Number of protein chains: 2
Amino acid sequence: MGTTSKALSLLRLFSNSQPEIGLTELSRQSGMNKATVYRLMSDLAEYGFVEQVGADRMYRIGPGIMRLAVLRETTVPLRSIAKEHVRALAEEIGETTHVSQVSGDELSTLTYAYSAKHGTRVTMEDAERLPFHATSSGLAVLTYSKVALVDAILSKPLDKRTSHTMVDPSQIRDELRRISARGYAESVSGFEQDVHSVAAPIFAGGATVCGALAIAAPVGRVNEALRSRMIAAVQERARMITDLMAGAMPVSLDSP
Amino acid sequence: MGTTSKALSLLRLFSNSQPEIGLTELSRQSGMNKATVYRLMSDLAEYGFVEQVGADRMYRIGPGIMRLAVLRETTVPLRSIAKEHVRALAEEIGETTHVSQVSGDELSTLTYAYSAKHGTRVTMEDAERLPFHATSSGLAVLTYSKVALVDAILSKPLDKRTSHTMVDPSQIRDELRRISARGYAESVSGFEQDVHSVAAPIFAGGATVCGALAIAAPVGRVNEALRSRMIAAVQERARMITDLMAGAMPVSLDSP
């Protein structure tokens, strides 16, 4: 791994559940020695990609990221475009909705919305990394991803999140074929126990899949009527977001 | 310059006026040879920090930035906190407002709002880099920055944006002392001809300046009454944002 890749791989360790990390912990989790981590983090800090805070000098993501993010959003405004649809969809269906975005071999939450309709709801986390094989969003994205990415992801050990998580690569490949045929992905308790979600892919700049739109509801609330509405609505809205992203649906999805 | 720094310095070349850049141009603007630029950009692309688009394979900022940005905003929500105040202030004063954020030796626009009150208004650009010496926001931030940063910035050649731009370091240092005494910065046509702006610093996590709040109006509209309102309002709102950012005003600003 080159120096730049090493530095950028350190940024991957930061997450919603671990927004601040100390030097020792970065070294332990990356498998790099402390001197190397220190040098790489200093380079990243110089450009504002990380910053150190508090008496114990913990590292966190820095302000320099924001200029690039504002620039990215101006150029490719998935988040701003998705935000309104995610909000409208949550209101329309009365359940939690979210849009995730794919970046290389990672899928993560970009924006989400809750409905005020029910006292119980599926809750989401910002910037959460979503496993491809265990979520309806991940499966929707994988279905339209390049073969190389699918192979790479399915060749790694797959985390069994719940007793319902599919971890057999050939079973997952069958599922991807089914998703391709019907145009949406579905997961019942595959990521979190008692969460039923449906997802449809979003395409940008041609037929490149850039993420997924999903609705997630507590299993107990999803009767056949709600399930049909969720499936129809998520596909319709994903199509609208795709249009706004100058994306094109694959032919198989284009004529419902 | 180390490899990581070289890679990150390439990201600085992307801007609102130059959101997509080809390999040849990146090489020309960075002074690095094409093979080096290609290798560094490939490392950045692998982590989603840049992506290539179109038939001519231009580079632009990639989706990988967004997960880090969402994480940054969750941890240090300057943009979300500022957004509402920026909007309210634009409505209150009837002029363009914005918040900029400092990252290392750069200051850039984080969010802004227009007022519908007038047909003419100062327009802003997303992710624009603001020169410290030529803008009221930059001067407000410099006033409360570390001496090393002030020295570094004032020791470089200063761009004379308009005939009114201050470019004499000792004159600027005098101005910083005046700003420190009165608590706000002011610029008349220093950045753009016929734009009058006032700015107040925002502090986060203690007495660390993290950016500035500013109001900008066409020079012709700024009579003494409007000017007084702009100054009072920008200071009041900057104080409110500082509170929300768990920042502390320096003692000199704390007792108006």
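Predicted model: local features only at pLDDT ≥ 70, side-chain atom pairs only at ≥ 80, totals over all residues.
Start with the extent of the interface. On one side, 50 residues of chain B take part, and they are in contact with 49 residues of chain A. Together the two chains bury about 4400 Å², and carbon and sulfur atoms account for 64% of that area. Three residues, Tyr47(B), Arg67(B) and Arg72(B), supply 18% of the area that chain B buries against chain A, which is more than any other three residues do.

Next come the polar links. Between chain B and chain A there are four salt bridges. In one salt bridge, the side chain of Arg67(A) meets that of Glu106(B), with 3.9 Å from N to O. Across the interface, 14 residue pairs are in polar contact. The side of chain B that touches chain A draws at least two residues from each of α1 (3-11), α3 (34-46), β2 (58-61), α4 (64-75), β3 (96-103) and β4 (106-113). Of these elements, α4(B) gives the largest share, twelve residues. Sorted by class, this side of chain B holds 22 nonpolar, 15 polar and 13 charged residues.

Finally, look at the nonpolar residues inside the model. In soluble globular proteins, nonpolar side chains tend to be buried together. Here the largest nonpolar core has 108 residues, and Phe49(A) and Phe49(B) have the most contacts inside it. Leaving aside residues up to four places away in sequence, Phe49(B) touches Leu8(A), Leu11(A) and Phe49(A) in chain A. Within chain B, the residues that Phe49(B) touches include Leu11(B), Leu44(B), Ile65(B) and Leu68(B).

Terms used: Residues numbered from 1 in each chain as written. Chains lettered and ligands numbered in written order. Heavy atoms only, no water. Contact = heavy atoms within 4.5 Å. Buried area = accessible area lost by both parts, 1.4 Å probe. Polar contact = N/O pair within 3.5 Å; in protein donor to acceptor, adjacent residues only side chain to side chain. Helix = DSSP H or I, 4+ residues; strand = E, 2+ residues; numbered from the N terminus. Nonpolar A, V, L, I, M, F, W, Y, C, P; charged D, E, K, R; others polar. Core = buried A, V, L, I, M, F, W, Y, C linked by side-chain atoms within 4.5 Å. Buried < 20%, exposed > 50% of the residue type's maximum accessible area, 1.4 Å probe, protein only.
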